[in-house]
2 protein chains.
Amino acid sequence: AYQGGFNGKTNFVVLLMDDMGWGDLGVYGEPNRETPNMDQMAAEGLLLPDFYSANPLCSPSRASLLSGRLPIRNGFYTTNLPGRNAYTPQNIMGGIPDSEILFPELLKEHGYRSKIIGKWHLGQQPQYLPHNHGFDEFFGAPNCHFGPYNNKKTPNIPVYKDAKMAGRYYEGDFKIDHVTGESNLTQRFIKEGIQFIEAQTQKNEPFFLYWAADATHGPMYASKPFLGKSARGLYGDAVMELDYGVGQILSTLKRLGIAGNTLVFFSSDNGAATYAKLGGGSNGPFLCGKETTFEGGMREPTIAWWPGKIPPGKVSRQVGSLMDFYTTFLDVAGIPAPKDRVLDGISLRKTLLNNTLVDRPIFYYRGDLLMAVRVGNYKAHLWTWANSWEEFRKGTDFCPGQRLKNMTVHHQEDHSKQPLLFNLAKDYGEKYQIKPNSEEYKSVIPKINAAVKEHLEHLKKGEPQLNYCDRAVMNWAPPGCKEIGQCLPVPPSDKTLCYWPH
Amino acid sequence: AYQGGFNGKTNFVVLLMDDMGWGDLGVYGEPNRETPNMDQMAAEGLLLPDFYSANPLCSPSRASLLSGRLPIRNGFYTTNLPGRNAYTPQNIMGGIPDSEILFPELLKEHGYRSKIIGKWHLGQQPQYLPHNHGFDEFFGAPNCHFGPYNNKKTPNIPVYKDAKMAGRYYEGDFKIDHVTGESNLTQRFIKEGIQFIEAQTQKNEPFFLYWAADATHGPMYASKPFLGKSARGLYGDAVMELDYGVGQILSTLKRLGIAGNTLVFFSSDNGAATYAKLGGGSNGPFLCGKETTFEGGMREPTIAWWPGKIPPGKVSRQVGSLMDFYTTFLDVAGIPAPKDRVLDGISLRKTLLNNTLVDRPIFYYRGDLLMAVRVGNYKAHLWTWANSWEEFRKGTDFCPGQRLKNMTVHHQEDHSKQPLLFNLAKDYGEKYQIKPNSEEYKSVIPKINAAVKEHLEHLKKGEPQLNYCDRAVMNWAPPGCKEIGQCLPVPPSDKTLCYWPH
Ligand SMILES: [Ca+2]
Ligand SMILES: [Ca+2]
């Protein structure tokens with residue numbers, strides 16, 4: 001085992017895609033096979049087909065990844081309406097609470113340096129920014145790169161270099177041509193990643209790199225050499241550029257001789273945005289997509305890579321979660337996990353090294369509502385909802401081409417008295433309900449009920465962070481704006497309850 | 001390049017699965033990853049994700065594979081009703097016409113010995129059996145192993161050893177326990193395959209092995225060590241045993257040192273039987289399944305393998321067809337293809353060796369009706385039909401959980417005046433019609449029309465073989481029955497038009 005360098009400590013890398021679907025990787029069956037580097041990563045590492053995000057939406061998923069806890073605990077949800085998805089647009093007042101201990105904070109105490117590249121999404125007010133939550137470096141933005149903005153009603157999203165803004169998306173250096181989709185942002189994210197790894201290697205200082213590129217989130221973008229390269233349009237072009245980036249980062253680790261000392265996870269923050277129709281990705285054989293608690297919304301294309309430690313080319317049926325990165329990294333680094341709170345992540349160290357399996361439930365939340373639970377191969381839907389009739393009739397369809405009775409419904413359906421039960425190993429499309437009068441149902445439901453009871457008994461809900469919005473908290477005058485002459489006048493406060501339509 | 005042995009000739013192997021879906025292989029995204037050997041075959045060979053059967057049903061698909069011609073030409077269709085799927089149950093009167101030249105006939109003229117193991121399905125009357133159409137050896141059955149039979153109203157399907165029957169399914173040596181699904185048939189098919197390869201190697205005589213195992217066709221079966229092995233039930237168990245068989249056959253080729261001299265194709269005869277619900281396989285992200293001309297009915301999980309010749313681990317976007325095996329094998333063997341008829345197959349030799357691409361259309365027929373056409377990445381539906389309202393209302397659903405306007409319909413819908421157009425590279429789920437008033441539609445449709453016109457101009461329809469049924473032609477007294485005392489009395493003829501419900 002490699003012990004030299006980095007004071008004997010293992011480096012960590014998370015390559016987190018944005019709205020990329022389980023079915024978007026060649027190795028997960030995408031017919032166009034646009035991802036030779038990700039596929040190669042799987043060939044050299046461990047494929048984890050039963051891996052979940054903690055939420056079908058960006059912000060809560062990412063808050064959970066870094067806090068190791070469900071959104072219902074870390075506050076990344078709303079109580080404005082029941083069962084609604086909420087996130088962090090730039091008028092959100094909330095963000096990651098100081099009371100949450102993100103794992104980079106713990107790594108830092110043990111000599112690690114952490115960098116986030118790309119999308120943060122845990123709040124844009126200064127107190128919520130990465131450098132106040134364990135990260136030493138930051139190249140990217142606090143919010144999604146929604147646009148185009150004109151700096152009038154909403155400011156363009158700032159791009160940070162560490163604790164200070166360096167410019168704004170759609171302006172100057174950080175252009176995204178929202179007509180052609182051309183942008184060199186992914187290339188910059190790649191370069192920043194490589195430079196960080198090189199610098200840390202030079203310093204012999206252990207690191208955590210959180211590479212959160214967002215080119216597959218609308219409005220999508222790719223650099224010139226990748227525009228038109230795929231057969232799937234701009235989405236596929238973005239995938240191909242991200243795949244190139246993954247290859248560049250892994251080959252940097254190899255080139256520097258530190259691959260055997262670096263545990264890398266690849267995954268995505270939520271399912272593909274099926275409502276974007278041909279503009280979004282693929283969830284393969286799964287039901288629906290982003291925003292929903294069907295498999296298409298939360299099953300993520302996950303790969304673990306650690307040459308010499310993780311045996312190559314294997315597949316694990318471990319039911320995993322993005323929240324497990326927290327507990328796994330701490331376990332590998334020999335850092336004790338916080339004992340004063342419930343962590344939803346488990347350590348996958350043995351799964352990675354020995355392909356052992358640990359039983360654990362998956363809780364599928366939408367806002368404050370526990371929609372579904374997976375225990376073993378069984379998934380029980382306590383509630384089902386695609387989206388509202390109102391939205392659906394206007395053409396927003398979270399489940400295009402898919403229609404299942406009691407499942408893809410347009411009102412919130414309560415099944416908690418008699419959950420809809422599926423065997424995900426046989427029926428990953430969630431098409432065939434196990435009949436409530438069957439022996440199978442009768443033997444499984446008590447286990448589901450026990451898991452729910454256990455979960456609710458220990459559930460201390462966090463203060464909901466995503467209830468209030470205010471124009472005044474937008475990115476008008478971020479730290480550093482003065483130095484580069486990019487401060488905008490802050491409008492008066494209009495604090496109000498945010499409205500979350502689905 | 002390997003030149004020793006087999007008189008410098010290349011051996012050919014076709015590993016043809018039955019009703020296995022595109023999405024059933026790990027390498028094509030099956031979440032349970034039950035197919036390590038098939039996946040390894042892909043890692044050592046060429047993956048062909050855009051590969052089609054000539055028909056969404058067993059018999060016509062297999063007749064086309066061996067004749068290199070569409071069912072509409074070789075006669076494997078019915079005119080009893082328009083657009084109906086027909087096959088060869090044991091009361092069918094037709095079969096493969098003598099006028100068709102199957103490629104084993106041509107191989108035989110050039111010193112090859114051919115063996116079929118498993119399901120023939122090109123007619124059960126003696127004149128239609130394999131040894132009258134180019135095969136030297138036969139271990140398997142003329143029809144599907146439907147059952148259970150009691151030899152009264154219908155005889156149990158005979159199992160042949162070469163030109164004579166050796167027994168019947170469900171009896172004696174050829175048991176299939178249709179309650180537990182236990183049967184050692186796949187193991188026997190594996191053994192027969194290995195022995196044939198060994199014998200040919202010993203004789204230094206080039207060969208074609210057509211390994212047409214059928215354990216994934218209902219009623220499914222697996223041998224004891226595989227029963228309960230998968231998480232998907234009997235279907236998955238059968239897949240795992242077939243995967244084991246593929247591994248055994250490929251490792252035999254390696255062990256005997258003839259892998260570099262043997263071109264192997266793996267594929268399936270039609271899409272997974274989605275109407276079987278959890279009893280069938282998976283078509284991954286594709287629409288509907290067996291019996292339909294949507295992608296789920298005819299896109300097949302295909303791999304080509306030829307160590308040292310085909311570069312390992314690559315993917316080809318070549319639009320291919322099972323009919324291409326015919327033309328490719330002849331090309332590789334240097335045998336001229338028949339010039340007196342239209343062949344629908346093309347040679348994939350250069351695709352395999354150099355990963356070049358050839359433009360070619362795909363015609364999706366259902367019975368006598370041209371339902372759809374693929375040209376480049378575009379597919380146009382001239383007709384759409386899932387199944388009849390009558391069948392659908394009784395619970396037969398070819399597209400479970402999938403509902404698309406004008407597509408998954410229950411009456412035959414004529415779109416020939418304005419075809420429904422899809423871009424399969426972007427939209428492999430056939431969900432998003434390209435609008436008829438768009439520039440894209442206007443530029444593509446002329447190419448589609450030209451391909452259809454060209455096709456119809458050269459179309460000489462074969463005499464339909466699947467119109468008449470007769471109880472008297474069933475397997476009552478197959479060749480060899482006397483020697484083993486298994487002849488049954490032949491009932492009087494009741495010749496009638498066969499009824500094909502979908
Ligand atoms: Ca996202
Ligand atoms: Ca079949």
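The contact, defined by heavy atoms within 4.5 Å, takes 36 residues from chain A and 36 residues from chain B. The model is treated as predicted, in that local features need pLDDT of at least 70 and side-chain atom pairs count only at pLDDT 80 or more, whereas totals for chains, interfaces and linings use all residues. Residues are numbered from 1 along each chain as its sequence is written, chains are lettered from A and ligands numbered from 1 in the order in which they are written, and side-chain values use heavy atoms, with hydrogens and water left out.

Between chain A and chain B there are 0 salt bridges, a salt bridge being a side-chain nitrogen of Lys or Arg within 4 Å of a carboxyl oxygen of Asp or Glu. Over all chains, the structure holds 60 salt bridges. One of them joins the side chains of A:Glu44 and A:Lys254 (2.9 Å, N to O). Because A:Glu44 lies in helix α1 (residues 36–44) of chain A and A:Lys254 in helix α6 (residues 234–255) of chain A, this pair ties together parts that are 210 residues apart in sequence. Helices (H or I, at least four residues) and strands (E, at least two) are DSSP runs, numbered from the N terminus.

The calcium ion (ligand 1) is coordinated by A:Asp18 (OD), A:Asp19 (OD), A:Cys58 (SG), A:Asp269 (OD), A:Asp269 (OD) and A:Asn270 (OD1), at 2.2 to 2.7 Å. Donors are N, O and S atoms within 2.8 Å of the metal (3.2 Å for Na, K and Ca); water is not among the atoms, so sites may look incomplete. The 6 donor atoms around this ion subtend angles of 52 to 162 degrees, which makes the arrangement irregular. Six donors count as octahedral if opposite donors are over 155 degrees apart and all others between 65 and 115; four count as tetrahedral if all angles lie between 85 and 135 degrees, or as square planar under the rule given for six, and anything else is irregular.

In chain B, the calcium ion (ligand 2) is coordinated by B:Asp18 (OD), B:Asp19 (OD), B:Cys58 (SG), B:Asp269 (OD), B:Asp269 (OD) and B:Asn270 (OD1), at 2.2 to 2.6 Å.
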